Amino acid sequence: MIAELVAKVGPLWHERHQTKLTSRPRKRAVGAAGAKHRLVFVDRLLATLVHLRHGVTHDVLACWFAVDRSTITRAIGEIRPLLAERGCTISPGVRLRTPAEVIGHLGASGQTGIIDGTEIRVRRPAAGRKDRDTFISGKSKQNAVKSMVLTDQNGRVLFSSPARPGSCADITHARQLGLVKLLADGPVVEILADAGYQGLGAQTGGRVVTPPAPEVQEGRPGPVRGEARATAQGALLTPYPGRARHRPPEELAGSRPSPRPS
């Protein structure tokens, strides 16, 4: 499989690399020897695959391949778009590269799709970067990037979106990828999602199925922070066998002795 990837992705990488070199002014004569790659294409591909499959940090990969961390970062940034353009294979000769192709495939085959967002921990962006705080994930409380993965009912990956900063919500990421329009105007498809995508069902005509929202009694709003705090205080003031009872502040105020006159 890796040999097949090298044979298909290698020429694309070489072509883009040569295009990048010829697009800028030359500083050496034609035919002059420039700097040699310390990380050849096969190693770049392997480092990218290991990073995507196991979430290994760039520092560890740099130690494995005996290069600097910036070299690994640059290599992964070059190889990931090539792998994304290659798409996901669903049958011999058929590949899915865009969300529109995935929705069309699910609609034609009558399968149920599954959508979810996954986070990958990354290094903290450099100080002074204007969007440094956007990489902090509200769920994991770490610096991460987020990708949306769409699979079929058997869990086979059909599409993996480009990475977004970790602070981006799952439903926002889906909207930015145009999933709402594809489901509303495309074939009839059922997509299963978690609570992070609540709201897409109403926008897509019920094609995105999410867990139901918590039920609220008629004529009574949902619990607020003050009510939750009062409930917790009530539980704390309730006496338990074998434990001293905590008295409320008003009871303590009534039992205090009067101050002595000066």
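Analyst: Happy to! Let's start with one term: a residue counts as buried when its relative accessible area is under 20%. Keep in mind that this is a predicted model.

User: Then why is Thr 48 called buried?

Analyst: Thr 48 has a relative accessible area of 0%. The cut-off is under 20%, so Thr 48 is buried.

User: Where does Thr 48 lie, and what does Thr 48 touch?

Analyst: Thr 48 lies in helix α2, residues 41–54. Leaving aside residues up to four places away in sequence, Thr 48 touches Ala 75, Ile 76, Ile 79, Arg 80 and Leu 83. Among the buried residues of α4 are Ala 75, Ile 76, Ile 79 and Leu 83.

User: Which other residues of α4 are buried?

Analyst: Thr 71, Ile 72, Leu 82 and Arg 86 are also buried there. For the protein chain, buried residues make up 29% of the 262 residues.

User: How do you know that the span of α4 is close to the expected one?

Analyst: Helix α4 has 18 residues and reaches 26 Å from its first C-alpha to its last. At 1.5 Å a residue, 26 Å is expected, and the span is close to that. After α4 comes Gly 87, with a positive phi near 80 degrees.

User: What makes α3 roughly perpendicular to α4?

Analyst: The axes of α3 (residues 58–65) and α4 (residues 69–86) come within 8 Å and cross at roughly 105 degrees. Angles of 65 to 115 degrees count as roughly perpendicular, so α3 is roughly perpendicular to α4.

User: Which residues meet there?

Analyst: From α3 there are His 58, Asp 59, Leu 61, Ala 62 and Phe 65, which meet Arg 69, Ile 72, Thr 73 and Ile 76 in α4. The residues of this contact of α3 with α4 divide into five nonpolar, two polar and two charged.

User: And how do α2 and α3 pack?

Analyst: The angle between α2 and α3 is about 145 degrees, and their axes are 11 Å apart. The crossing of α2 past α3 is right-handed. Asp 43, Leu 46, Ala 47, Val 50 and His 51 of α2 make the contact with His 58, Leu 61, Trp 64 and Phe 65 of α3. By class, this contact of α2 with α3 has six nonpolar, two polar and one charged residues.

User: How many helices and strands are there in the protein chain?

Analyst: The protein chain has ten helices and eight strands.

How values were computed:
Residues are numbered from 1 along each chain as its sequence is written. This is a predicted model: local features need pLDDT of at least 70, side-chain atom pairs count only at pLDDT 80 or more; totals for chains, interfaces and linings use all residues. Side-chain values use heavy atoms; hydrogens and water are left out. Axes are lines fitted to C-alpha atoms, for helices over the stretch in contact, and angles run from 0 to 180 degrees between N-to-C directions. Helices (H or I, at least four residues) and strands (E, at least two) are DSSP runs, numbered from the N terminus. Angles under 35 degrees count as roughly parallel, over 145 as roughly antiparallel, 65 to 115 as roughly perpendicular and the rest as oblique. Contact means heavy atoms within 4.5 Å. Ala, Val, Leu, Ile, Met, Phe, Trp, Tyr, Cys and Pro count as nonpolar, Asp, Glu, Lys and Arg as charged, and the others, Gly among them, as polar. The expected span of a helix is 1.5 Å times one less than its number of residues. Buried means under 20% relative accessible area, exposed over 50%, partly exposed in between (1.4 Å probe, protein chains only). A crossing is left-handed if the near helix is turned anticlockwise from the far one by less than a right angle, and right-handed if clockwise.
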